[in-house]
Amino acid sequence: RGGAAAARDLAGRHVVVSAGGTREPIDPVRFIGNRSSGMQGYALARTALARGARVTLVAANVTLPDPAGAEIVRTGSTREMRDAVLKAAADADAVVMAAAVADFRPADYEDVKIKKTPGAEPAPIHLVENPDILAELVRESRDVAGRVIVGFAAETHDVLENGRRKLARKGCDLLVVNQVGEHLAFGRPDNAAVILSADGAAVDVPRGSKEALSDVVWDLVAARMT
Ligand code: CTP
Ligand code: CA
C-alpha cells in the first residue's frame, strides 16, 4: 500500500485531525502548556488532503503555515478543543487525535494578572482534571459503523507495554506510539513510531519524515473504513 496506488483513496471521506498543544490559562497573561509544535498533525492534514479527503484541522496554538484546502478551527484550551473536535466529528469517517492535550487545568482563573507580594509565599495553583476528548469520541462513535478513531501516545520507556495498556484503556482503533525523550520527536521534522491496533497487530514505522508516518497512518485508517 501507499505511493501512487493509494492516491485519492480518501476521496469522499471527511477526516478530522487535531494538532498542537492545548493551553490552560492561569490569568490573562499566563498559561500551563506543553512543547507540541503541531508538525505531526499538520503533516497528517497535508497527506490526507493529497489523498483526496475533506479535512477539518482543529489546531491549538500552532504557528505553522495553514495546509491549503483544510478547514481550520483554531482553539486554545482543552475545553475549546473538545467542543470543536466533537462538532467536527459528527459526520467524520475518521478522527486522529495528534494534539497534545493538557490533562489538567487550574481550578480557578484569575481575571486580573496575579501580582507578587513582597515577602509573601506564592499562592499554590490547584489543578482539576480536563475532559478526555479521545475517550468521549470513542463513546460517541460506538454505534457509528466504520468510523476510525486514532490516538497518539508519547512514551519515554516500556513503549510497547505502555502503548498496549493505553490502547486498551482508551478503546480507540489505532494508537500511534512515539518514543520521546531528549532530542526525540518534539519540534523535529522526523519521527519513528509503532502503530498498535485493537486487533493486536503492531506496525513498526522506522525513523523518517512526519509525512511518511502520516501516510502509514492513513493506509491503516483506509483499510479499516467501511
Ligand atoms: N487525549 C485527549 N484528551 C485528554 C488527554 C489525552 O483526547 N484529556 C488524547 C491525546 O490527544 C492522545 C491520546 O489521548 O491522542 C493519548 O494521550 P496521552 O497523554 O498519551 O494519554 P493519557 O490518557 O492522558 O495518559 P497519560 O498522560 O497519563 O500517559
Ligand atoms: Ca496525558
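Seventeen is the size of one lining here: 17 residues line the second largest pocket, and Ile-114, Pro-122, Ala-123, Pro-124 and Ile-125 lie nearest its centre. A pocket is an open set of points on a 1 Å grid over the protein atoms alone, where a 1.4 Å probe fits, with protein on both sides within 12 Å along at least five of seven lines; lining residues have an atom within 4 Å of a point. This second largest pocket holds about 390 Å³. Volume here is the space filled by probe spheres set on the points. Its lining divides into 9 nonpolar, 2 polar and 6 charged residues. Gly counts as polar, Pro as nonpolar.

The model is predicted; local features need pLDDT of at least 70, side-chain atom pairs count only at pLDDT 80 or more, and totals for chains, interfaces and linings use all residues. Residues are numbered from 1 along each chain as written, chains are lettered from A and ligands numbered from 1 in written order, and side-chain values use heavy atoms, without hydrogens and water. The average pLDDT, the predictor's confidence per residue from 0 to 100, is 93 for the protein, and 94% of the residues score at least 70. The complex gets an ipTM of 0.99 and a pTM of 0.95.

Now the largest pocket. Its volume is about 1000 Å³. Of its 42 lining residues, Ala-99, Ala-100, Val-101, Phe-152 and Ala-154 are closest to the centre. Strand E9 (148-155) is among the elements that give two or more residues, as are helix H1 (39-50) and helix H4 (159-170). E9 gives the most, with 5 residues. Helices (at least four residues) and strands (at least two) are DSSP runs, numbered from the N terminus. The lining divides into 20 nonpolar, 13 polar and 9 charged residues.

Turn to the ligands. Around ligand 1 are 14 residues with a heavy atom within 4 Å. Met-97, Ala-99, Pro-131, Leu-134 and Lys-166 come nearest. Polar contacts are pairs of N or O atoms within 3.5 Å. A backbone N or O atom of Pro-131 lies 2.9 Å from a ligand 1 nitrogen.

Ligand 2 is a calcium ion, with both listed protein donors being OD atoms of Asp-103, 2.4 to 2.6 Å away. Asp-103 sits in the loop between strand E6 (94-97) and strand E7 (104-106).

Conventions: Donors are N, O and S atoms within 2.8 Å of the metal (3.2 Å for Na, K and Ca); water is not among the atoms, so sites may look incomplete. A polar contact is a pair of N or O atoms within 3.5 Å; within protein, one must be able to donate a hydrogen and the other to accept it, and residues adjacent in sequence count only if both atoms are side-chain atoms.
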